[in-house]
Amino acid sequence: MSDYYDIKKLCSLSRIEIDESKIQQTSEKIKEIISFFNKLDEFELNEKEDNNAFENLPQSITTFTTTTAASSDKETKIDNYIKFEKKMNDLRNDEHNNKLTFFKDNNTNDVSTNNNSQFRFKFHNYKNGYVVGPRI
Amino acid sequence: MSSDLFRLPGYIISGKIKNQEILAEDYINLVYDRINKIDVKINSFISKNYEAAIQKARKIDKKIKNNEKTGSMVGIPIGIKDNISVKGLKNTCASKILQGYESPYDATVIDRLKDQDAIIIGKLNMDEFGMGTTSEFSFYGEVHNPWNIDYVAGGSSGGSAAVVSSLQVPISLGSDTGGSIRCPSSFCSVIGMKPTYGTVSRFGLVSYSNSLEQIGPIAKTVTDIVLTLNAICGNDPNDNTTLNKQFEYKVNKIDEILSKNYNVGVLNNLIHNSEEQVAKTIYDKIDMLKENGFNVKDTSINYSDFALAAYYIIATAEASSNLSRFDNIRYGFDFDPEGYEWNSYSSHIRSNFGDEVKRRILVGSFVLSAGYYGKYYLKAQKIRNIIKSEFNRLFKFFDVLVLPTMPILPFKIGERGSAPLELYNLDIYTILANLAGIPAISIPAGFSKEGLPIGLQILSNEFNEQILLDIAIFFEQKDKFSEWNPVPL
């Protein structure tokens with residue numbers, strides 16, 4: 001990567017403008033950084049073992065149940081003494097709910113959703129009707 | 001009133017104000033006189049808070065006169081890194097893109113300091129959005145090292161370290177994403193601490209890489225560090241990553257510390273890679289520990305070669321996401337959108353980021369892009385887990401690990417700015433604590449032949465800050481490093 005068009009594409013993706021005169025220099029520096037990141041290719045992890053870690057846990061300590069929730073997500077029950085982490089790939093399977101709309105309560109400034117009244121977002125800093133300030 | 005009061009640590013000043021030996025208002029005036037005289041050489045302040053500070057000092061004097069209850073940090077002036085929100089003060093993150101932006105609320109740490117009657121003196125210079133190791137990447141100009149103003153102060157909390165080192169204020173707050181508190185503390189010969197991830201609330205800290213960063217104190221004495229930590233740490237409903245845990249740190253007596261027989265691991269493989277003068281100074285400190293009965297053993301950490309690449313992948317990925325909010329709609333300066341469609345307006349505005357910030361955003365977008373996620377980000381997270389396991393292994397045998405804070409001595413301003421990797425490599429010793437989420441402290445260890453400061457870094461297991469403080473107290477008492485001050489100032 002990192003030729004002229006790749007950098008332009010990356011700039012467009014990141015919504016950043018770079019002077020034409022600086023494109024070459026930026027490209028070289030990014031190339032240098034990415035080559036440094038490629039050092040991780042030397043890191044040989046036993047991928048198979050890593051991927052099977054979830055399945056290989058003994059049945060006695062991990063059970064799976066299917067919940068009746070609308071999402072039908074799997075729920076994992078684990079004994080207290082074992083620390084269990086989700087596989088990395090499973091962290092990215094969330095789906096955006098396009099139908100979700102928000103209503104604002106003018107009295108409390110709280111925001112709730114139309115399909116689940118349990119969701120209430122309380123924003124602390126308002127100015128002219130907008131939430132302001134950097135948030136974590 | 002003695003004009004030498006600025007040499008005293010915060011806790012002594014607080015005692016004098018409480019005992020009505022001095023008035024808080026007089027002391028704050030003295031502090032601003034000192035700042036006006038010294039800071040032209042250092043450039044540590046971006047904005048000052050004179051009016052509000054004087055008002056607060058008057059309130060404190062009135063409280064004391066009326067025998068009302070006061071906080072633990074009464075009358076202590078504190079400088080704040082410019083990425084921590086203080087209501088009514090500019091919060092620029094040393095970036096052109098936030099020029100003129102005024103924070104409408106206080107960060108939790110600021111609320112807590114105000115509750116303890118500390119006085120916010122002003123906002124401090126830094127690398128833009130915390131991205132840098134030298135404090136040269138600031139829209140407001142570079143910070144100069146008080147020990148030699150031709151040299152860098154370290155970064156990214158360069159203003160926070162330099163302001164304490166040059167005796168302008170006794171305590172400051174910084175933020176540490178990959179060593180941003182410890183690096184400048186080492187270069188400026190002060191104490192800087194990064195607490196365990198989740199100990200201090202990040203609400204109100206402008207995020208650069210939220211899974212790595214923590215707010216922490218910088219001071220010249222361990223007592224001031226303890227005082228500040230006790231004020232700012234603890235659970236915060238506004239930051240879900242803070243832990244529901246009680247923290248209380250103490251300044252233990254030296255006999256008590258020595259009786260604990262701490263096991264100290266020396267990270268030899270890392271010390272060997274430092275500059276000769278740095279390594280020698282660190283080994284001198286290790287000899288001091290041995291001579292005083294600490295159980296010192298050599299050890300090493302595996303996979304540290306991969307840690308730096310993993311750190312920069314995670315940090316840039318999170319930066320590209322966090323900084324996407326700066327579109328000049330919610331924050332930023334007055335710029336007429338006439339003639340622009342939305343995307344080009346946004347891109348044009350975002351071109352006001354500095355070169356280093358732009359580079360990190362681009363790299364972050366690249367490593368997260370489809371097809372590269374597994375190659376970079378996923379692998380980096382795996383390495384992060386392995387580094388954490390390595391520390392878990394080591395902390396079964398050792399209470400603390402020691403190594404240099406920085407592998408090299410401070411260098412001249414402009415000497416290393418052009419090659420990003422050259423600067424990234426300097427973070428090799430500090431990023432380990434951020435990846436693992438463990439606490440770390442940098443304390444003054446000595447000086448090179450040229451008179452440039454060298455820092456000793458101490459790491460402990462999560463929530464064992466007290467052990468770090470104990471070891472720091474040991475060195476403070478033996479070396480008297482709190483009395484080391486830059487001569488020209």
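Reply: One term to begin with: a residue is buried if 20 or more other C-beta atoms lie within 10 Å of its own, exposed if 12 or fewer, and partly exposed in between, with C-beta atoms placed from the backbone. This is a predicted model, in which local features need pLDDT of at least 70 and side-chain atom pairs count only at pLDDT 80 or more, while totals for chains, interfaces and linings use all residues. Residues are numbered from 1 along each chain as its sequence is written, and chains are lettered from A and ligands numbered from 1 in the order in which they are written.

Me: OK, so is B:Tyr424 buried or exposed?
Reply: B:Tyr424 counts as buried because 20 other C-beta atoms lie within 10 Å. B:Tyr424 sits in helix 15 of chain B, where helices (H or I, at least four residues) and strands (E, at least two) are DSSP runs numbered from the N terminus.

Me: And what is B:Tyr424 in contact with, beyond its sequence neighbours?
Reply: Setting aside neighbours within four places in sequence, B:Tyr424 is in contact with B:Leu308 and B:Tyr312, contact meaning that the C-beta atoms of two residues, placed from the backbone, lie within 7 Å. B:Gly178 is 246 residues from B:Tyr424 in sequence, but their C-alpha atoms are 9.9 Å apart in space.

Me: Switching to the core, which residues touch the most other members?
Reply: The largest nonpolar core has 157 residues, and those touching the most other members are B:Ile78, B:Ile191, B:Ala307, B:Ala310, B:Ile313, B:Val400 and B:Ala472. Such a core is a set of buried Ala, Val, Leu, Ile, Met, Phe, Trp, Tyr and Cys residues joined through C-beta atoms within 7 Å. Helix 11 of chain B gives the most to this core, with 12 residues. Beyond four places in sequence, B:Ala307 is in contact with B:Ile383, B:Ile387, B:Ile431, B:Leu432 and B:Leu435.

Me: What about chain A, how many helices and strands does it have?
Reply: Chain A has 3 helices and 7 strands, in the order α-α-α-β-β-β-β-β-β-β along the sequence. Of its 136 residues, 11% count as buried.

Me: Where is confidence lowest in chain A?
Reply: The lowest mean, 34, belongs to strand 1 (residues 62-66) of chain A, whereas helix 2 (residues 20-37) of chain A has the highest, at 91; pLDDT is the predictor's confidence in each residue, from 0 to 100. Over chain A the mean pLDDT is 61, and 30% of residues reach 70 or more. Across residues 51-85 of chain A, pLDDT stays under 50.

Me: Last topic, which residues of helix 7 of chain B meet helix 17 of chain B?
Reply: B:Val222, B:Ile225 and B:Val226 in helix 7 of chain B meet B:Leu469, B:Ala472, B:Ile473 and B:Glu476 in helix 17 of chain B.

Me: And where is B:Asp117?
Reply: B:Asp117 lies in the loop between helix 4 (108-115) and strand 3 (119-124) of chain B. Its phi is positive, about 65°, although B:Asp117 is not a glycine, and B:Asp117 is buried, with 25 other C-beta atoms within 10 Å.
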